[in-house]
Amino acid sequence: FLVHTIIDPEIICQPLEVAIQSAALNFGYADLRSLIPLDVASNNDDVEQIINGCLVDALKSQQDTATFDALMKGTTIINADIALFFSHDMNKESVQMLDAEIERYSKQRAKEIVDNKIGTGACGKKGKPAYGSTAVDMISLREVVNCIGNNYPDLKQSQQEYEGGSSCKCESSLSWISDQVGRCDGPLIEFCRTVLHRDVECKCSRAVRAEVASLESTRQGVSVSDRAVGAATQMDTQEEFETSFKDLCHLLQIMSKTIENFNARDLFTSAEITSMKRECVAGIGSCLARLLTEYCMYRNNVEGSRTFAYSRQDNNIISSIGTQAHVSALGFPSYSLQFNPADGGEQKNPLQCLRETLPGSSGLNLINLWKVCSNARVEDGNKDGDELLEQFISHLEDSCLTLVGIPFSVLDKKTEKKILAARRQGLIERLKKSSQQDEILSICVILIYQQTKNLMISGKTMTSMVMNRFGQEKKIPTRVTEVLLNLKRENNVSPELLLLVKQFGNAKNSKALAAICETSL
């Protein structure tokens with residue numbers, strides 16, 4: 001029963017569910033009002049009750065978590081004329097689309113502010129701050145609407161059709177906050193107001209402040225970067241680097257702690273322990289060496305940064321500057337530094353070129369890190385192989401502050417607990433989506449060992465060695481070991497077996513793992 005009519009929820013909600021699923025899948029939006037019968041859609045209270053009440057209840061009763069999550073994460077705009085759903089990914093992409101416009105605006109606005117300060121004093125007229133307020137330091141709604149409309153032509157067309165059939169003149173009412181409560185200025189404008197306003201406000205304020213600081217430093221004779229990108233973009237790069245750097249430092253220490261635990265308990269031979277250390281340095285260590293090298297090039301704004309390339313010896317995805325390190329990675333790629341000569345240029349020693357490219361001791365410090373990574377990849381019985389991990393961490397502790405301006409990030413118990421929890425959640429999500437037999441096996445071995453031993457394992461070598469010990473672990477049921485070995489031996493197993501293995505991986509603790517084994521017999 002709605003406010004003004006009676007409906008069959010199943011008939012009404014089914015097309016709405018399909019539309020939301022399609023919008024989420026295609027990173028787009030859906031016109032929900034057009035899918036509701038006209039006699040019902042004409043009443044705004046009924047439309048709101050259908051979407052926020054009947055539809056939500058239907059998704060819960062069906063246990064359709066994917067569509068329910070999409071609806072909750074996305075944005076629904078309902079008013080007198082429209083009822084639109086915008087997916088979370090569309091919202092996220094739309095904010096990113098505005099970066100270039102915000103950067104252009106912030107540079108222009110910062111110049112006006114600095115020029116105004118010179119003419120009127122630091123506080124402007126009547127002692128009011130010259131910048132920082134939303135009203136002054138925010139790009140116009142019209143510019144945002146044009147940018148988003150150019151990227152979403154269907155939404156732009158809907159806006160044009162709305163304006164063509166509307167008695168109001170939307171052009172004259174383009175302020176970020178509408179002067180009339182409940183007023184609708186069209187789907188594109190309302191999307192920008194509802195979804196983008198807060199993010200645009202924060203980005204603009206931050207970008208303008210960064211550009212003003214940069215201009216004032218230049219006027220005062222302080223050396224600043226001469227890059228074409230905006231000051232805010234440079235600030236973002238620094239923050240993203242610091243996040244990735246700290247994550248990798250913490251992961252390296254967690255893995256070192258795991259290997260130390262293995263060694264103290266005599267679970268593996270000295271040769272096996274050394275292999276694990278080599279894998280750790282060649283993987284996480286080389287990711288850190290690459291990250292530090294790229295950021296040093298960026299920080300020193302040196303020419304010739306494109307002369308270096310990084311070869312990767314496996315297909316695991318781990319990114320460098322600009323993204324957070326994946327705490328749910330099954331393993332880390334092994335990078336090596338290479339010289340990338342220009343067309344017709346001579347090949348050079350990459351380490352020597354690195355030493356000549358960077359100022360001061362930066363090049364030498366990076367060379368030491370790359371040499372340790374290179375030694376870790378050589379399985380030739382190197383007498384120092386057992387000490388490579390300790391050498392690498394020691395080099396990092398000694399050189400990070402000089403290299404990139406921030407110290408080596410030391411792991412504490414609170415951070416370790418957060419990382420392990422995030423890793424488990426990330427692996428569980430990955431397990432749900434995976435259909436590859438070898439990936440499912442690796443994920444489950446890593447998850448089961450973390451849940452029963454509270455230790456992080458990673459990499460093909462370590463994961464394989466740990467799995468070979470499952471039969472000797474008291475907290476891991478024999479049934480689990482038998483099923484995992486069967487999965488490892490057979491090329492094509494039944495869907496039922498894969499589902500059982502996934503249930504093992506999702507078990508919260510050893511008691512839950514044992515209960516799953518009993519019910520699966």
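## Salt bridges and a helix pair

Mentor: This is a predicted model, and in helix H15 (residues 413-433) glutamate 429 and lysine 432 sit three residues apart, about one turn of the helix.

Trainee: What does glutamate 429 form with lysine 432?

Mentor: A salt bridge, with the closest N and O atoms 3.6 Å apart. Glutamate 429 is partly exposed at 32% relative accessible area, while lysine 432 is exposed at 54%.

Trainee: And which residue does arginine 430 pair with?

Mentor: Glutamate 439, in a salt bridge whose closest N and O atoms are 3.0 Å apart. Arginine 430 is partly exposed, at 28%. Glutamate 439 has 17% relative accessibility, so it counts as buried, the cut-off being under 20%.

Trainee: How many salt bridges does the count come to?

Mentor: The count comes to 16. Among them, aspartate 99 meets lysine 203 at 2.6 Å, N to O. That pair links distant parts of the chain, helix H6 (residues 99-120) and helix H9, 104 residues apart. There's also a network linking Glu101, Arg104 and Glu143.

Trainee: Switching topic, at what angle do H16 and H18 pack?

Mentor: About 155 degrees, with the axes of H16 (residues 437-453) and H18 (residues 478-489) 10 Å apart. Angles over 145 count as roughly antiparallel, so H16 is roughly antiparallel to H18. The crossing is left-handed.

Trainee: Which residues make the contact?

Mentor: On H16, they include Leu441, Cys444 and Val445; on H18, Leu484 and Lys488 are among them. The residues of that contact divide into seven nonpolar, one polar and one charged.

Trainee: Last one: is histidine 197 buried or exposed?

Mentor: Buried, at 15% relative accessibility. Histidine 197 lies in helix H9 (residues 187-219), and its contacts include Met138 and Trp176.

Terms used. Residues numbered from 1 in each chain as written. Predicted model: local features only at pLDDT ≥ 70, side-chain atom pairs only at ≥ 80, totals over all residues. Heavy atoms only, no water. Helix = DSSP H or I, 4+ residues; strand = E, 2+ residues; numbered from the N terminus. Buried < 20%, exposed > 50% of the residue type's maximum accessible area, 1.4 Å probe, protein only. Contact = heavy atoms within 4.5 Å. Axes fitted to C-alpha atoms, helices over the stretch in contact; angles between N-to-C directions. Parallel < 35°, antiparallel > 145°, perpendicular 65-115°, else oblique. Left-handed = near helix turned anticlockwise from the far one by under 90°. Nonpolar A, V, L, I, M, F, W, Y, C, P; charged D, E, K, R; others polar. Salt bridge = Lys/Arg side-chain N within 4 Å of Asp/Glu carboxyl O. Lists of a residue's contacts leave out its neighbours within four places in sequence.
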